Amino acid sequence: MQAPGQTDNPLRAASWPMYRALVGVGMLCGLLIVSVYVLTLPAITRNETRALQQAVFQVLPGAVARTSFVLTAAGHFREAAEGDDPARMVHAGYTAEGQLAGIAIEGRAMGYQDVIRILYGYAPQQQVVVGMQVLASKETPGLGDRIEKDAGFRANFTALDVTLAADGVSLEHPVEAVKNGTRTAPWQIDGITGATISSSAVAGILNRSSAQWIPVIHQRQADFMRPEATDDQR
Amino acid sequence: MTSVDRVQPAVSADDFIKGLWRENPVFVQVLGMCPVLAVTNSGINALAMGLATTFVLVLSNTLVSLLRRAIPRQVRIATFILIIASFVTVVDYLIQALSLELHRALGAFISLIVVNCLILGRAEAFASKNTVLRSILDGLGMGLGFTFALLCLGGVREILGSGALFGIALFPAGFQPWIVMLLPSGGFFTLGLWLLLFNYLRARRLEERGEAQGVVP
Amino acid sequence: MSGDPLWSIFLNASLVNNFVLAYFLGICPFLGVSGKLVTATRMGGAVCFVMLVSSLCAYGIHHLLVAINAPYLQLISFIVVIASTVQLVEMFIKKTSPTLFRALGIFLPLITTNCAILGLALFQTNKGYDLLQSLVYALGAGVGFTLALVLMAGIREKLELASVPDMVRGTALTLMVAGVLSLAFMGFAGLGA
């Protein structure tokens, strides 16, 4: 296989096929990976956008269009662009008439098994949380995962009171979890018997996330008003 | 001039069939246990994982077999791992493009196909020594055998754990699901029981052949 | 991105989401090397060590790949870099400390292709841990692995003396015991919350 003149140095003659094999296979694999990545990227982004879209529409009843916003360092919201930090993003949903239906906010915290991620919808006009969906959880099937399915628990989030206090920087009544069946005020979350940790983890997310986001969003509500009715995608 | 000096074993149906039962990667060789236990809490996850593994196995076997003369012995493991890792990345993106939910359900375990000993094992033990066609058949057989084993586990765990199969409810509403089957420990129990069944079948076959020692290796 | 406190990460990786008993990572060595208590302890030590090394590698690679905007190379570079780093470390230990090498040595090459190692690299990246969090996570995972391995070895040494039908001996029995252990570990759930 080698040209006669090349075998002078035995070490080189032995190492050449190794280099050739490794570099050749490396290049082949690189080419393969990159081409598949490029080919599948549009489909993947489309899937992700659709999944987010569906979740936003779930937590904001009446919403039919969505725009993502990012909180800038200066403290106001602008439309999110490629590469923005997802942790500083919220998603505004709009009704068919182009009215602001509410803002969907993502929150996360440690649950019983692993991190729970939720998305909840906030309606600034009524100052209530109007919907909640679990995005990811590994809670125990049949017990902890009732935070996703239990109708009674979900009913907590149809009109959860998050009214701002008079000073405008904190909530009048922070969201709190109470034992199942003892809910008396609209800012309380009725826990699930047998899934205490999971349900209070969700309440904890809402408590912290709402205290952080809602004053800012309420104050900068004008940022979310639609300039004009643009098309639904994006 | 005869070609006695270049004896290549002919392609035989056995290359394909042996992986399905006699040398089943999970029940007989006990290889690739991590995905077997981790993603088999429902039939659909098990099926997806099995097919993804089969896909990687067939393609990596093909490429390894094609390149087997160009790869020096000293760097063979490194090149095999490169090849396998690329195909796994490809599968990862394909699944993401097909269904985001499926990708979330399988999670990091798609990436972990790379370290499934089954794939490296077949590349090393079979594909690096045999022709392309035989390697493809071997990969297909082993992969389907693996899928079959995953389905055996996933089916049992989903039927008992959530009273359904592939999402279709099987029992009347009064059925109380055995939640433990969906939990990690359920995976260990189910696999243990399947292995027991296989040991029993094998022991009985040995006895029938009159080779009275039905001892498990 | 992730603000989890360090103690929570540690408890979570070692007990609540034990790599072997809850994530099923590293089952091969778990079944293979858990026969004797001494071997199990050494293997555990070696795994802890490799986990720390690979956690460091994975952290570096992830940030490099983000910088050059090439996420599609993640898997391939994780596996290649971790495997070669472990080899280098192995040579280094062989040169500097033959005693340590004899204790850990035979396990090191085995561990490289262990799914627990790659799993650790992938999980810590997915969770978006910073450097300190990653190292604590790796240590927790290693300790959890060792704990599971040592517990299993202890049980299996006792089982040697028990009278069990021939058919059940071997992997089937080990899996059953692992199932019971896994059930026991479920009691730790909720600790990290």
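Analyst: Happy to! The second largest cavity has a volume of about 30 Å³. Keep in mind that this is a predicted model.

User: How many cavities of 30 Å³ or more does a search of the whole structure find?

Analyst: The search covers the whole structure and counts cavities of 30 Å³ or more. The number found is 2.

User: Which class of residue lines the second largest cavity: nonpolar, polar or charged?

Analyst: Let's look at the lining itself. Chain B contributes B:Cys34, B:Pro35, B:Met49, B:Phe109, B:Leu112 and B:Ile113, and C:Cys115 joins them from chain C. Cys and Pro count as nonpolar here, as do Met, Phe, Leu and Ile. With no polar and no charged residues, the lining has 7 that are nonpolar.

User: Which helix gives the largest share of the nonpolar patch?

Analyst: The patch covers about 440 Å² and is made by B:Trp21, B:Phe148, B:Leu197, B:Tyr200 and B:Leu201. Its largest share is 3 residues, and they come from chain B's helix H8 (residues 184-208).

User: Is B:Leu197 buried, partly exposed or exposed?

Analyst: B:Leu197 sits in helix H8 of chain B. Buried means under 20% relative accessible area and exposed means over 50%. Because its relative accessibility is 37%, B:Leu197 counts as partly exposed.

User: And chain A: what percentage of its residues is buried?

Analyst: Chain A has 4 helices and 9 strands, and along the sequence they follow the pattern α-β-β-β-β-β-β-α-α-β-β-β-α. Of the 234 residues in chain A, the buried share is 45%.

Technical notes. Residues are numbered from 1 along each chain as its sequence is written. Chains are lettered from A and ligands numbered from 1 in the order in which they are written. This is a predicted model: local features need pLDDT of at least 70, side-chain atom pairs count only at pLDDT 80 or more; totals for chains, interfaces and linings use all residues. Side-chain values use heavy atoms; hydrogens and water are left out. On a 1 Å grid over the protein atoms alone, a cavity is a set of points where a 1.4 Å probe fits but cannot get out, and a pocket is an open set with protein on both sides within 12 Å along at least five of seven lines; lining residues have an atom within 4 Å of a point. Grid points are joined across faces, edges and corners, and a volume is the space filled by probe spheres set on the points. Patches are made of residues with over 30% relative accessible area and no salt bridge: like charges are joined within 9 Å, nonpolar side chains (Val, Leu, Ile, Met, Phe, Trp, Tyr) within 5 Å. Accessible areas come from the Shrake-Rupley method with a 1.4 Å probe; for residues, only the protein chains shown count as cover. A salt bridge is a side-chain nitrogen of Lys or Arg within 4 Å of a carboxyl oxygen of Asp or Glu. Helices (H or I, at least four residues) and strands (E, at least two) are DSSP runs, numbered from the N terminus. Buried means under 20% relative accessible area, exposed over 50%, partly exposed in between (1.4 Å probe, protein chains only).
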